[in-house]
2 protein chains.
Amino acid sequence: MARKRFDDSSCSVARALNEVGDWWSLLVVLHAMYGTRRFVDFQQELGIARNILCDRLARLVDNEVLKKVDVGEHGSRFEYRLTEKGRDLFPIVIALRQWGDKWNPAPDQTPLDLRDRETGRTIRQVEVQDADGHPLTVRDVFVPEGNSASEHKASESKKKAG
Amino acid sequence: MARKRFDDSSCSVARALNEVGDWWSLLVVLHAMYGTRRFVDFQQELGIARNILCDRLARLVDNEVLKKVDVGEHGSRFEYRLTEKGRDLFPIVIALRQWGDKWNPAPDQTPLDLRDRETGRTIRQVEVQDADGHPLTVRDVFVPEGNSASEHKASESKKKAG
DNA sequence: TAATAGGGTTGCATTTTAAAACCAGATTCA
DNA sequence: TGAATCTGGTTTTAAAATGCAACCCTATTA
């Protein structure tokens, strides 16, 4: 049967994954962040099937992660550019990259060394922080009672949790 | 044909997505962070097909995101618990949730209000930061020349980029 | 002894995916 | 003028992945 979709899920993670949670979409967004804008470039860099790329680009445009711009250069030529919504995926993509570098390092590759354009210094590890900027783990947080997002037992209120 | 896998991709984002980049895996991890540990609970909370859940749990265990523990309670009973590698997905899950809340808010739902267990204060937005903790956008960073991760034109060196 | 719970596996129909071939408008080349 | 090329797709076909339901086995409870 068809893959399940989460358009109307009450869970915002599910709704997010519905837009960028498949095998290709985040890689398309990643390459868009690297500067790729054209169909053929995405296709060659990603090695993705053309029909799948069509589908993903259209879906990302539908979801306003990308916008399709006719730049009218050399005949029919379009560019796919990140919207603000798309650029807002930056922390997610970087966190994924750091996680991959940490837990599945490629033997023949130094991890990505991303630097601040102004100072030239290496960026921080992406982390969840408290109001003061101190790092928090999953065990350091809770969902206050009454928050509708806690419907599916978000807080660790079960006997075995903790 | 088969879906493409990225096990040996030189891109750490692709390798990360290979482990948790499908429709269900990150939702399983999310619920594990909420405290879910047992097969039937995952199945009921997620509404996932049992064979698919089997496959995903096994894959996550293979990839050491979860570990399977025989707690020998009430006969055959196992628990799936997050490993350190799995807990390390916390920033990614939270960033996804914040992105979903921001760009696809559910009309009938207040966004997740996650709080610091110690102070009770709301957590920060997950962001990419420079060495001093100041937020950075995708336009504020670059990949230094010579970094092997820049092979696929990570730095914006093309004529049209910028 | 039967019913039930936990944790799966198996079969089968439906979708998705990948690969390659094909298509159509615009442009450059000869 | 006409052929080749570039760009951005659509179509076709076969292999996987998915969802659903039914089945299986162990252990516990009624």
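## Phosphate contacts of DNA strand C

In this predicted model, a polar side-chain atom of B:Lys68 is placed 2.8 Å from a phosphate oxygen of DNA strand C. B:Arg38 also has a polar side-chain atom by a phosphate oxygen of DNA strand C, at 3.0 Å.

Of the atoms of DNA strand C that come within 4 Å of the protein, 61% belong to sugar and phosphate.

Chain A contributes helix H4 (50-62) to this surface with at least two residues. Helix H3 (39-46), helix H4 (50-62) and strand S2 (78-82) of chain B each supply at least two residues as well. Sorted by class, the surface near DNA strand C holds twelve nonpolar, five polar and seven charged residues.

## Phosphate contacts of DNA strand D

A:Tyr80 has a side-chain N or O atom 2.3 Å from a phosphate oxygen of DNA strand D. For A:Lys68, the distance from a side-chain N or O atom to a phosphate oxygen of DNA strand D is 2.9 Å. A:Phe78 makes its approach through the backbone: one of its backbone N or O atoms lies 2.8 Å from a phosphate oxygen of DNA strand D.

Two or more residues of the surface near DNA strand D come from each of helix H3 (39-46), H4 and strand S2 (78-82) of chain A, and from H4 of chain B.

## Surface near DNA strand D

Around DNA strand D there are 24 residues, of which A:Met1, A:Ala2, A:Tyr80, B:Asn51 and B:Arg56 come nearest. Sugar or phosphate makes up 62% of the atoms of DNA strand D within 4 Å of the protein, and bases make up the rest. The class division of the surface near DNA strand D is twelve nonpolar, five polar and seven charged residues.

## Confidence in chain A

The average pLDDT of chain A is 87, and 87% of the residues score at least 70. Residues 149-162 of chain A have a pLDDT below 50. In the model this stretch has 31 contacts beyond near neighbours in sequence. Where pLDDT is low, predicted coordinates should not be read in detail.

Terms used: Residues are numbered from 1 along each chain as its sequence is written. Chains are lettered from A and ligands numbered from 1 in the order in which they are written. This is a predicted model: local features need pLDDT of at least 70, side-chain atom pairs count only at pLDDT 80 or more; totals for chains, interfaces and linings use all residues. Side-chain values use heavy atoms; hydrogens and water are left out. A residue is near a molecule or strand if one of its heavy atoms lies within 4 Å of it. A polar contact is a pair of N or O atoms within 3.5 Å; within protein, one must be able to donate a hydrogen and the other to accept it, and residues adjacent in sequence count only if both atoms are side-chain atoms. Helices (H or I, at least four residues) and strands (E, at least two) are DSSP runs, numbered from the N terminus. Ala, Val, Leu, Ile, Met, Phe, Trp, Tyr, Cys and Pro count as nonpolar, Asp, Glu, Lys and Arg as charged, and the others, Gly among them, as polar. pLDDT is the predictor's confidence in each residue, from 0 to 100. Contact means heavy atoms within 4.5 Å.
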